[in-house]
Amino acid sequence: IKYVYTWGAGKADGNGSQKALLGGKGANLAEMTLIQLPVPPGFTISTEVCTYFYANKRTYPECLQAQMDAGVKNMEKIMGAKFGGTTGMPLLVAVRSGARDSMPGMMDTVLNLGLNDQTVEALTKATNNERFAWDCYRRFIQMYGDVVLGVQKREGEDHEPFEVVIETFKHEVYHKDIVDSDLTADDQKELVKRFKALVKERTGKGFPNDVWDQLRGAAGAVFGSWMNDRAIVYRRKYNIPSEWGTAVNVQAMVYGNTGDDSGSGVAFTRNPANGVNEFYGEFLINAQGEDVVAGVRTPDPVVKLNNVMPKAYKELLKVRSTLEKHFKDVQDVEFTIQKGQLFMLQTRNGKRTAAAALKFSMDMVKEKLIDQETAILRNPADQLEQLLAPDFDLAEIKKAKALAVGLPAGPGAASGIIYLNADRAAAAAEKGETVLLVRNETSPEDLRGMIAAAGILTAKGGVSSHAALVARQMGKVCICGASAVLIDYDKKTVTISGQVFKEGKDYLSIDGTAGTIYGGQVKTGPSQIVLGMLKGDKVAAKTEKVQQFKTLMDWCSKATRLAVRTNADNPEQTEQAIAFGAQGIGLTRTEHMFFEGDRIDAVREMILAEDEQGRRAALAKILPYQREDFIGIFKALKGLPATIRLLDPPLHEFVPHDDKAQAELATKLGLTKEKVASRVNALHEFNPMLGHRGCRLGIAYPEITETQARAIFEAAAEVQKKGIKVKPEVMIPLVGFKKELDLQVAVVHRVAAEVQKEKKIKLSYQVGTMIEVPRGALTADEIAETAEFFSFGTNDLTQTALGISRDDMGNFLMPYTENEIFKKNPFATLDATGVGQLVKIAIEKGRATRPDIKLGICGEHGGDPDSVKFFHNVGLAYVSCSPYRVPVARLAAAQAAI
Ligand code: PEP
Ligand code: MG
């Protein structure tokens, strides 16, 4: 079996399409080589070896060593250097991980591998640069010691042990902080000695001198890092299956740290924060790539490279355009310049904010790089909500005090109580605080805190630092490299422009679009797209962003088969959803109107009534309210259909449970306090979600159904008389038996006939049901004899199919996710394997009885991209979701159809 894939000198075994086998990095290194870009040679050990490694107690296939030998020989030939060679230039290699999807910073890398006490002398001679050779050796021992040998911070230690050695040395010799590049060759030699001693002390073994031992050790560490803590956390967040495994890339070193004619950088072919078509990135002179990414020194913008190395910069610009034309997408590259000569170390599709994705996709269609369908696919549906996320309130921000500016690294506005440590930030967020994580720089260990924070602010690092990259991908607001932010970790304070802010107490606000930091709390407000599309703001409506967003949505409508409706309970929500492109209402929860104004009193009177007569008296008070509600909704819909569901929740949700409120209610209704208390007690249920709710209410009290139906049809008659079309679809909830539906439908039809007669009008309406209990799904053929439509209530269907309470699952969601019992929260993303089967059965059976039955879904899953895809595939007519998720569902529906 072939496990090792080489590339170099214009030839490669693999290519860019083999990401599953070679990982993203390996596949693209092969591809870049094939299109004749300057890539140092190397080889990829495939992900199949990772699978083998974990299936066979962390051992390797037997033939691997021979294949690696051949890989190294190929590199030696191309580079004219020998691995472990003691005369001439020795071959040094970089060993990096590379999974199918990039997982920035989550796994381990070792640079300068192949150095030992002999090869370092050869390197010195060959380069005539002793300082450089020993700098490489020192870096190598440090990285290898950390990553492969596990010489790391222990419990109770504040700093990395290698860093402690360096700091101690600097103060001993120079009595001050100096930058690493000021260390002399002798300094580096001394550090190598001290590093080796540290390794010996911590591991009990000497540092490996044999270069093949080094290489095998590093490859093993990379495979091992696939299962480290932070990689697992990352995969869980982004739903990357652990079966994928990682590949290992071994690549000939080129050196950005040979002097001032060398350097390293990272860049995006376009701006990944706002999407502008400009070369975007940064570089450091006389540094290796890790220095840029780690964010310890603040680098220069990549365009400034033109001033110091114009020839290399020109070449880099050429590569930029070649890459975009070839990959037809924005690329995120790593490069090194060695003595003025450019080398490409990596390219991948650049992570981007939702705003950038929108602009990239629209611009690239204009540039004829991609077509409309590709443009739709380029906008991640699960990120689209970012575009609708709030900004600072314009009036408030004018009053706020701008304290400092950093690099805008993740757009949007965030305001929160500051925390200087990821764990404490996460703990505070868990308690419900809105937190802002403030650090000198972030590392992958801070991931939990970053997930929990509303925004991230760092004092060091550039726009491609770890903090910036991860924040953008999460859609977090982020500012980096704000050097005016002075952090005191011991005192837990942040000082900006002389003003002191305390952890856990004081607020900071950050504008990740402009990079501005404000003291105190600033209110946030709606985004430009919301202003332009919902609020009728003419200036916002004309901006490129809003225009492009509309264009994207128009293209989605053309590509899609699945319609998108909305879950809306009032005219305002309805109008918002329509402005976002909803094609009607898929669910009005009528009970949501019960709490508005003083109508809850009438509802409570109805619930507490002794008999039908009392109930009818109270229902007569509710009728006009409901009629007004429906009139408003029908008007807002302007002829679009509305699925209106009859009363669903258990009645105890509407009555007061504490003494004081019960006493007040008793006074209002002219009852004794005891009477109210005893009725409320009688309504108590052990399992309310499986209790007296849904159509069970209407079966027990048909007068409720009657009143709601009357409100719907009277409203419909009134609006229709004004010349506006109305299409009510009356929906009966929680049906498990055909007979339940029959009884309710009979009431609805009777009232409809009465109203039409009274108002002398012909109404067109439908009556259907929710499919939200397993028995309803399994007997859908019988139910379809009566139901004119089905709407899947996937919230309850999930609850009842899994036997897991939708309201009580918080207690065990974590262990269920951590143990991968749930790949995703089944109340957010439909459990296609289980609950999905019930949906499929109901569709099949429903259609068998009534071939043209209208099928939709109105559970929370209607706004979840993965679930939308499932609903498209099983052939539903529409999904229905909350107004702000309508664009998300439209995009996901279009993507499912492409
Ligand atoms: C459902 O159960 O999926 C549904 C839409 O109804 P509700 O969430 O109101 O129970
Ligand atoms: Mg329900």
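User: How do strand 1 and strand 2 pair, parallel or antiparallel, and over how many bridges?
Analyst: Strand 1 (residues 4–8) pairs with strand 2 in the antiparallel sense, over 2 bridges. Strands here are DSSP E runs of at least two residues, helices are H or I runs of at least four, and both are numbered from the N terminus. Two strands count as paired if DSSP finds at least two bridges between them.
User: Before we go on, what kind of model is this, and how do the numbers work?
Analyst: This is a predicted model, where local features need pLDDT of at least 70, side-chain atom pairs count only at pLDDT 80 or more, and totals for chains, interfaces and linings use all residues. Residues are numbered from 1 along each chain as its sequence is written, while chains are lettered from A and ligands numbered from 1 in the order in which they are written.
User: OK, back to strand 2. Which residue there does Gly8 stand opposite?
Analyst: Gly8 faces Lys11 in strand 2.
User: And what's the strand order in the open sheet of 6 strands?
Analyst: The order is 2-1-3-8-6-7, with antiparallel pairing. Strand 2 (11–12) and strand 7 (109–113) are at the edges with a single partner strand each, so one side of each has no neighbour in the sheet.
User: Switching to strand 12. Why is it largely enclosed by the rest of the structure?
Analyst: Because 8 of the 8 residues of strand 12 (residues 331–338) are buried. Buried means 20 or more other C-beta atoms within 10 Å of the residue's own, exposed means 12 or fewer, and partly exposed is in between, with C-beta atoms placed from the backbone.
User: Which residues sit on each side of strand 12?
Analyst: Gln331, Val333, Phe335 and Ile337 are on one side, with Asp332, Glu334, Thr336 and Gln338 on the other, and all are buried. In a regular strand, side chains alternate between the two faces of the sheet.
User: What does strand 12 pair with?
Analyst: Strand 9 (residues 263–268) pairs with strand 12 in the antiparallel sense over 6 bridges, and Gly263 is opposite Ile337 there. Strand 13 (residues 341–349) also runs antiparallel to strand 12, joined by 8 bridges, with Asn349 as the bridge partner of Gln331. Strands 12 and 13 form a hairpin with 2 residues between them, and Lys339 in the turn has a positive phi of about 45°.
User: Where do Lys57 and Leu734 lie?
Analyst: Lys57 is in the loop between helix 2 (47–55) and helix 3 (64–79), and has a positive phi of about 50° without being a glycine. Leu734 is in the loop between strand 30 (727–732) and helix 29 (738–759), with a positive phi near 55°.
User: Buried or exposed, for Lys57 and Leu734?
Analyst: Lys57 counts as exposed, with 6 C-beta neighbours inside 10 Å. Leu734 is buried, with 24 other C-beta atoms within 10 Å.
User: Now the ligand. Which residues are around ligand 1?
Analyst: Leu587, Arg589, Asp648, Glu772, Gly793, Thr794, Asn795, Asp796, Cys858 and Gly859. The criterion is a C-beta atom, placed from the backbone, within 6 Å of the molecule.
User: Which element gives the most to that shell?
Analyst: Helix 32 does, with 3 residues.
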